[in-house]
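Try each task before you read its solution.

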Amino acid sequence: MTDCKTLTYRIWIGGNYDDAVRTVREFCQEGACFAVQPADFVYTGGMESGVCVTLINYPRFPKEAAELEVFAGRLADLLKARLFQDSYSIEGPERTVWVTTRGQ
């Protein structure tokens, strides 16, 4: 049995589910474990489909919290480019960040 500290990061981003799975699969070659789930974002005045990509601190490839946060950020940036999105959020154990390239 192998264990490590429990840490979870979730990337919330709009875009095509199949394209997200392909991107995550490519990124996983570095050694990681992700779950990709479809998500519908319902907001005032509209709705958009996307994904929630969950990264756990997988005991087979354990990482420290700071390293895992950077790892999640690298994947989120790649997903943003591949899914043609202007923004994403990363939900972590202590805080949630929103990254955007559009004017606020």
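A cavity is a set of grid points where a 1.4 Å probe fits but cannot get out. Keep in mind that this is a predicted model.

**Exercise 1.** Find the volume of the largest cavity and the residues that line it.

*Solution.* Start with the count: the structure holds one cavity of 30 Å³ or more. Next, take the volume, which is about 40 Å³ for the largest cavity. Then list the lining, which includes Cys33, Leu55, Tyr58, Phe61, Lys63 and Phe71. Now assign elements: E3 and H2 each supply at least two lining residues. Finally, sort the lining by type to get eight nonpolar, two polar and one charged residue.

**Exercise 2.** Is Gln85 buried or exposed?

*Solution.* First, locate Gln85 in the loop between helix H2 (65-82) and strand E4 (87-91). Its relative accessibility is 18%, and the cut-off for buried is under 20%, so Gln85 counts as buried. Then look around the side chain: one of its polar atoms lies 3.1 Å from the backbone oxygen of Leu83. Beyond neighbours within four places in sequence, Gln85 is in contact with Ile13, Gly14, Gly15, Glu48 and Lys80.

**Exercise 3.** Which residues of the largest nonpolar core touch the most other members?

*Solution.* Among the 22 residues of this core, pick out Ile11, Phe34, Val53, Leu75 and Leu79. Next, trace the contributors: E1 (8-14), H1 (17-27), E2 (34-43), E3 (46-56), H2 and E4 each supply at least two core residues. H2 gives the largest share, six residues. To finish, check Leu79: setting aside neighbours within four places in sequence, its contacts include Ile11, Ala20, Val24, Val53 and Phe84.

Notes: Residues are numbered from 1 along each chain as its sequence is written. This is a predicted model: local features need pLDDT of at least 70, side-chain atom pairs count only at pLDDT 80 or more; totals for chains, interfaces and linings use all residues. Side-chain values use heavy atoms; hydrogens and water are left out. Helices (H or I, at least four residues) and strands (E, at least two) are DSSP runs, numbered from the N terminus. Buried means under 20% relative accessible area, exposed over 50%, partly exposed in between (1.4 Å probe, protein chains only). A polar contact is a pair of N or O atoms within 3.5 Å; within protein, one must be able to donate a hydrogen and the other to accept it, and residues adjacent in sequence count only if both atoms are side-chain atoms. Contact means heavy atoms within 4.5 Å. A nonpolar core is a set of buried Ala, Val, Leu, Ile, Met, Phe, Trp, Tyr and Cys residues joined through side-chain atoms within 4.5 Å. On a 1 Å grid over the protein atoms alone, a cavity is a set of points where a 1.4 Å probe fits but cannot get out, and a pocket is an open set with protein on both sides within 12 Å along at least five of seven lines; lining residues have an atom within 4 Å of a point. Grid points are joined across faces, edges and corners, and a volume is the space filled by probe spheres set on the points. Ala, Val, Leu, Ile, Met, Phe, Trp, Tyr, Cys and Pro count as nonpolar, Asp, Glu, Lys and Arg as charged, and the others, Gly among them, as polar.
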